[in-house]
Amino acid sequence: MTSLQLSAQEETVERFLDAAARGDLSQVSTLLSHVSSLVNRTGRSGWTALMFAARNGHYDVVEALLSHGCDKFSVNSSSQSAYDIAKFWGHRHVSNLLGRTDDGCQRVLPGSDLHQQENYFSRETLDRLSAKRTDKVWLEDRRSDPDTVYLLFSNLSPMVSSPRENHSAGVESKLCRLRYEAVKDLLQKPATVLIFLGVEKRRKPSSSSSQTVDGVQEPPAWFAINTDEDAAELLKRCREKNCYFPKTPNRDLLKLSEEEAGVVAQARSVLAWHSRYSFCPTCGSSTGLEEGGYKRSCLNPDCRSLKGVHNTCYPRVDPVVIMLVIHPDGNQCLLGRKKIFPVGMFSCLAGFIEPGETMEEAVRREVEEESGVKVGPVQYVSCQPWPMPSNLMIGCLAVALSTGIKVDEDEIEEARWFSRQQAIDSFRGTRPAFTVPPRQTIAHQLIRHWIGMNCNL
């Protein structure tokens with residue numbers, strides 16, 4: 001084989017890998033139709049097309065590559081499979097696809113739960129395109145694109161619309177999606193905070209994409225804006241009916257669809273971080289926004305935060321353990337209530353993880369502090385972003401070693417053991433022993449999960 005032929009082959013492989021990384025299903029399919037052997041070719045660091053597609057959450061490309069016989073168990077130079085990569089980057093829909101065993105292969109990781117509960121606020125409907133956050137030219141172009149979507153927040157509350165004027169409970173709200181012309185004056189104001197959320201994920205190639213770069217159509221970008229402008233004036237920018245800014249986020253944001261709740265979880269958490277970090281925590285100087293709103297840099301050139309990587313420069317996430325404690329008999333669970341809860345409502349115990357503490361130890365410490373109950377084995381179930389303001393709720397089951405309750409009244413006002421039947425009756429609404437937490441909460445899902453499982457962890 002001549003060096004010219006070798007160079008042409010390498011170029012084809014690079015085009016194929018790049019198309020998979022971008023989610024260009026059309027080009028991936030075209031290249032495979034001409035050179036089927038491309039499917040398992042690797043690039044730098046041993047990455048295959050399947051790994052690149054998994055990294056960026058391109059479900060349709062992953063599906064196509066698997067249908068062409070791509071080896072989903074090959075690993076890169078870091079010993080990561082495509083499944084490992086998808087799971088690490090939070091693309092659960094892709095990791096579930098890669099983890100299926102209905103293809104007759106038994107090499108899936110033993111004991112892993114490939115179909116975990118998807119909690120409210122968890123759905124990723126946008127491709128975050130984190131690599132584009134440092135591309136100022138690209139971001140500037142997308143800001144002014146007529147198809148770009150803007151979500152407008154007033155004091156961290158998103159503008160939403162409701163089919164009814166009274167915004168009654170149980171009625172689903174929808175995010176108001178504004179365009180560039182409606183917000184361009186806000187973008188020029190120094191007090192406005194703008195963050196890039198990502199671009200819409202597409203399952204199939206579409207001709208409605210907003211821009212074309214090197215012949216590749218790009219889907220609409222999404223941004224979020226937070227401003228302290230008068231809320232009544234801001235509402236006039238939207239053409240939809242019954243627009244408003246929710247007054248009680250902990251309750252009103254639970255009215256959004258699963259797709260929109262996931263977007264709000266990202267947007268509100270980052271905007272809340274900006275609202276608390278206008279000044280440098282290291283030296284007290286002012287800070288400036290960078291990287292599409294995902295970094296704040298100190299404007300003091302002598303500040304030590306500019307040297308190295310510091311967690312004060314990037315959006316923070318506060319980890320919280322939330323746990324359902326199971327009685328040693330396996331047939332009762334421990335629930336508590338705070339004074340601020342609605343009358344009759346009991347929920348799972350919860351608390352922040354402290355520095356230098358494992359998730360398991362945090363569960364044991366918090367349960368004993370709040371209820372006096374000692375805990376042994378701890379099992380992770382699932383997690384939930386909770387943008388009030390920026391928590392990650394880590395849901396666990398735990399087995400009690402003791403059963404006596406001694407409540408810390410500074411934390412909760414009451415804690416009780418409830419039987420499995422009492423929990424079932426409460427969910428059904430027949431002779432309820434307590435009011436169940438809202439279905440959108442991970443506490444609700446943990447109790448439901450326990451009801452449906454056997455007694456043993």
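# Close-up views of a predicted model

**View 1. Strand E12 and the largest cavity.** Strand E12 (residues 295-298) supplies three residues to the lining of the largest cavity, the most that any element gives. Helices (H or I, at least four residues) and strands (E, at least two) are DSSP runs, numbered from the N terminus. The model is predicted, so to speak of local features pLDDT must be at least 70, and side-chain atom pairs count only at pLDDT 80 or more, while totals for chains, interfaces and linings use all residues. Residues are numbered from 1 along each chain as its sequence is written, and side-chain values use heavy atoms, without hydrogens and water. The lining of the largest cavity consists of Tyr277, Phe279, Cys280, Pro281, Thr287, Arg296, Ser297, Cys298, Ser305, Thr312 and Cys313. By class, six of these residues are nonpolar, four polar and one charged. Here Ala, Val, Leu, Ile, Met, Phe, Trp, Tyr, Cys and Pro count as nonpolar, Asp, Glu, Lys and Arg as charged, and the others, Gly among them, as polar. The space in the largest cavity is about 50 Å³, and the count of cavities of 30 Å³ or more is one. On a 1 Å grid over the protein atoms alone, a cavity is a set of points where a 1.4 Å probe fits but cannot get out; a pocket is an open set with protein on both sides within 12 Å along at least five of seven lines; lining residues have an atom within 4 Å of a point. Points are joined across faces, edges and corners, and a volume is the space filled by probe spheres set on them.

**View 2. The second largest pocket.** This pocket holds about 1,200 Å³ of space. Its lining has 48 residues, and Asn250, Phe341, Met345, Trp386 and Thr441 lie nearest the centre. Among the elements that give two or more residues to the lining are helix H10 (249-252), strand E13 (318-326), helix H12 (359-371) and helix H14 (442-451). Strand E15 gives the largest share of the lining, four residues. The lining divides into 24 nonpolar, 13 polar and 11 charged residues.

**View 3. The largest nonpolar core.** The largest nonpolar core has 50 residues, and those that touch the most other members are Phe121, Leu151, Leu197, Leu256, Leu324, Leu335 and Cys348. Helix H11 (residues 258-276) contributes eight residues to this core, the most of any element. A nonpolar core is a set of buried Ala, Val, Leu, Ile, Met, Phe, Trp, Tyr and Cys residues joined through side-chain atoms within 4.5 Å. Buried means under 20% relative accessible area, exposed over 50%, and partly exposed in between (1.4 Å probe, protein chains only). In soluble globular proteins, nonpolar side chains tend to be buried together.

**View 4. Around Phe121 and Pro249.** Residues up to four places away in sequence are left out of the contacts of Phe121, which touches Leu253, Leu254, Ala261, Gly262, Ala265, Gln384, Pro385, Trp386, Pro387 and Met388. Contact means heavy atoms within 4.5 Å. Pro249 belongs to helix H10 and is buried, with a relative accessible area of 18%. Beyond its neighbours within four places in sequence, Pro249 is in contact with Arg268 and Met388. Pro249 and Met388 are 139 residues apart in sequence, yet 7.7 Å apart in space, C-alpha to C-alpha.

**View 5. An open sheet of five strands.** The strand order is E1-E6-E9-E2-E3, with mixed pairing. Strand E1 (126-127) and strand E3 (157-158) stand at the edges with a single partner strand each, so one side of each has no neighbour in the sheet. Two strands pair if DSSP finds at least two bridges between them. Strand E2 (residues 149-154) and E3 run antiparallel and are joined by two bridges. Ser154 stands opposite Ser157 in E3. Ser157 is buried, with a relative accessible area of 6%. Leaving aside neighbours within four places in sequence, Ser157 contacts Leu152, Phe245 and Pro246.

**View 6. An open sheet of three strands.** The order is E5-E4-E10, with antiparallel pairing. Strand E5 (174-175) and strand E10 (243-244) form the edges, and each has a single partner strand, so one side of each is left without a neighbour in the sheet. Two bridges link strand E4 (residues 160-161) to E5, where Val160 stands opposite Leu175.

**View 7. The hairpin of E16 and E17.** Four residues lie between E16 and E17 in this hairpin. The two strands pair in the antiparallel sense over nine bridges, and Cys383 stands opposite Ile394 in E17.
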